[in-house]
Structure formats: structure tokens, C-alpha cells
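Please look through the sequence and the coordinates with the report that follows. It begins with one residue and its surroundings, and then turns to the chain as a whole.

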Amino acid sequence: MTIPGSEQDTDIALLTAVRAGDTGAFGTLYERHRGSARQLAYGLARDPADADDLVAETFAKVFASLRSGRGPLVAFRAYLHTTMRHVCYHRARRDRRLEFTDDLTRYDEGLPFTDPALDRLERAYAAAAFRKLPPRWQDVLWQTEVEGNTPAEVAGVLGMTPNAVAVLAHRAREGLRSLYLQQHVATAEHPECRWAGDRLGGQVRGRLATRDSNRMRAHLSWCAECRGRLAELSEIDGFHHRPYRQRHHAGSAG
């Protein structure tokens with residue numbers, strides 16, 4: 001419930017004003033939430049300049065969404081923070097696909113390098129997905145994937161046969177993967193897009209029931225935005241988070 005006169009209440013009014021064309025209202029939102037955004041940005045990017053760029057790009061994206069009639073109706077700060085995490089994630093993915101030279105013969109093989117910002121975000125997405133799993137699935141994943149126990153060793157703990165443990169572990173891994181992918185999808189405003197967005201992870205992993213699959217196919221036939229989200233999740237699912245190689249000139253000082 002919104003308390004009249006509270007920050008949340010005035011944020012809602014400001015969001016309405018921005019949608020109506022009042023750019024000054026967005027300036028007020030910017031001043032109000034800039035400090036919180038900078039604090040999050042400095043946790044995601046180690047370089048101050050990168051953090052400032054992240055803040056600027058995030059506010060620009062949110063502003064563009066509001067002016068086009070999309071974006072949040074309430075909870076501006078939560079939406080802002082979610083957008084920033086997505087911006088950071090996509091920038092990191094983009095950067096690790098970059099190749100800075102077309103003459104690789106002058107370079108050594110390089111060493112594997114994992115981007116720390118991307119790694120933190122992926123860990124956060126994975127943790128959030130894990131928390132949404134049923135307790136039974138959490139237990140079997142913890143026992144098999146974290147503790148490294150075999151289905152035979154876990155069977156007695158869970159009161160199941162080894163074969164049943166293996167089946168449950170497979171279902172839990174698929175559920176975790178779908179929920180992990182789901183963390184990459186920003187909340188949409190249109191009710192049907194929200195319905196589709198909540199199931200895009202399952203669509204990518206082929207986990208939807210027939211009825212939902214038919215409804216999803218019908219929705220994607222006319223919704224370009226959700227097709228774009230699906231393509232993005234498919235890319236993430238197919239990309240096995242391989243570290244890119246940081247190259248150094250063979251003749252440079254070590």
C-alpha cells in the first residue's frame with residue numbers, strides 16, 4: 001500500500017508526469033535516485049569512469065522507456081536497479097566478444113580471463129534462481145552438485161532410490177537452468193508480455209506444457225519485443241560462459 005506523501009507516492013506521480021512529456025519530472029527522479037544508482041554502479045564496476053558511464057546509460061534507457069510508454073508504473077528504484085544490472089551484464093558480454101586486431105600472428109595465445117562484473121552478475125542470477133526452486137530440488141542439487149555426492153550416497157538421506165535421486169537431480173538442474181535464464185528478462189508492462197516473460201526461460205529449455213507452448217507461439221507471432229527477449233535468452237543459453245582470452249603483444253614487457 002502506498003502512503004500518501006511518501007517517496008513512493010511522489011515517484012508514481014513523477015512517472016506519470018514523465019509519460020505525459022514532463023522532462024523536468026525525470027530530472028527530479030534522477031536527483032532523488034542518483035545516489036542509490038551510483039552506489040550500485042560502484043559495486044558492479046571497479047573503475048569509477050565505468051561506474052559513471054553505467055549510471056548515465058541506465059538512466060538514459062529508463063528515460064527512453066518511459067517516453068515510449070513503457071517502463072515502470074511504480075517502484076522506480078527497483079526498476080532502475082534491475083535495468084542497471086542488465087546494462088552491466090550486456091556490456092560485459094559484448095566486451096568479451098570484442099576482437100581488437102585483425103592480425104593475430106603478432107600475439108601470443110594469451111591466458112583465460114573471466115570478467116569479474118559478469119561473473120558477479122551470473123552468480124547473483126544463479127543464486128536468485130536457486131532460491132526459487134522447491135526445497136526438495138534445492139536439497140538434491142546441494143547434495144549432488146555442491147557436496148559432490150553420488151545418487152547412491154544421497155538416496156539414504158532423501159529416502160529415495162538412487163535411480164529416483166538421479167531423475168530428481170536432472171529435473172532440478174533443468175528447473176534451475178530455466179529460472180536462471182528467467183533472471184535475464186526484465187518485467188514487461190503488457191499483461192500478455194508479462195505472462196510470456198515469466199515463461200521464456202521454460203520456452204528456451206523446452207519445458208513448457210503443450211497448452212502454454214501453443215499460447216507462447218501465438219504471442220511470439222505478433223510480439224517483436226518478446227521475440228527479441230527469446231532470442232537473447234537463447235543466445236545466453238547457448239553460450240557456455242567460456243572465458244575470453246586476454247591477449248598481450250608478444251614483444252611487450254611482462
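## Phe26 and the cores

In this predicted model, Phe26 is in contact with Val18, Phe59, Val62, Phe63, Leu66 and Phe76, once its neighbours within four places in sequence are left aside. Apart from the core treated in the next paragraph lies another core, which has 15 residues, Trp195, Leu200, Leu220 and Cys223 among them.

The largest nonpolar core has 24 residues, and within it Phe26, Phe76 and Met84 touch the most other members. Two or more residues of this core come from each of α1 (7-19), α2 (23-44), α3 (48-67) and α4 (76-95), and the greatest contribution is that of α2, with 7 residues.

## Chain architecture

The chain contains 12 helices and 2 strands, and along the sequence these follow the pattern α-α-α-α-β-α-α-α-α-α-α-α-α-β. Among the contacts with a separation of 6 or more, 67% are accounted for by residues 24 or more positions apart.

Of the 254 residues, 35% count as buried. The accessible surface of the chain comes to about 14700 Å², and 53% of that area belongs to carbon and sulfur atoms.

## Cysteines

How many disulfides does a search of the whole structure find? The search finds 0. Cys226 is accordingly in no disulfide, and the nearest cysteine sulfur, that of Cys223, lies 3.6 Å away, whereas the cut-off for a disulfide is a pair of sulfur atoms within 2.5 Å.

Are Cys88 and Cys226 buried or exposed? Cys88 has a relative accessible area of 8% and therefore counts as buried, since the limit for that class is under 20%. Cys226 has a relative accessible area of 0%, so Cys226 is buried as well.

## Confidence

The average pLDDT of the chain is 77, and 75% of the residues score at least 70. Over residues 106-113 the pLDDT stays under 50, and for this stretch the model has 22 contacts beyond four places in sequence. The pLDDT is also below 50 over residues 240-254, a stretch that has 32 contacts in the model beyond near neighbours in sequence.

Where pLDDT is low, the predicted coordinates should not be read in detail. That caution applies to the contacts listed for residues 106-113, where the pLDDT is under 50, and to those listed for residues 240-254, where the pLDDT is below 50.

Terms used
Residues numbered from 1 in each chain as written. Predicted model: local features only at pLDDT ≥ 70, side-chain atom pairs only at ≥ 80, totals over all residues. Heavy atoms only, no water. Core = buried A, V, L, I, M, F, W, Y, C linked by side-chain atoms within 4.5 Å. Buried < 20%, exposed > 50% of the residue type's maximum accessible area, 1.4 Å probe, protein only. Helix = DSSP H or I, 4+ residues; strand = E, 2+ residues; numbered from the N terminus. Contact = heavy atoms within 4.5 Å. Areas by Shrake-Rupley, 256 points an atom, 1.4 Å probe, with all protein chains shown as cover. pLDDT = per-residue confidence, 0-100.
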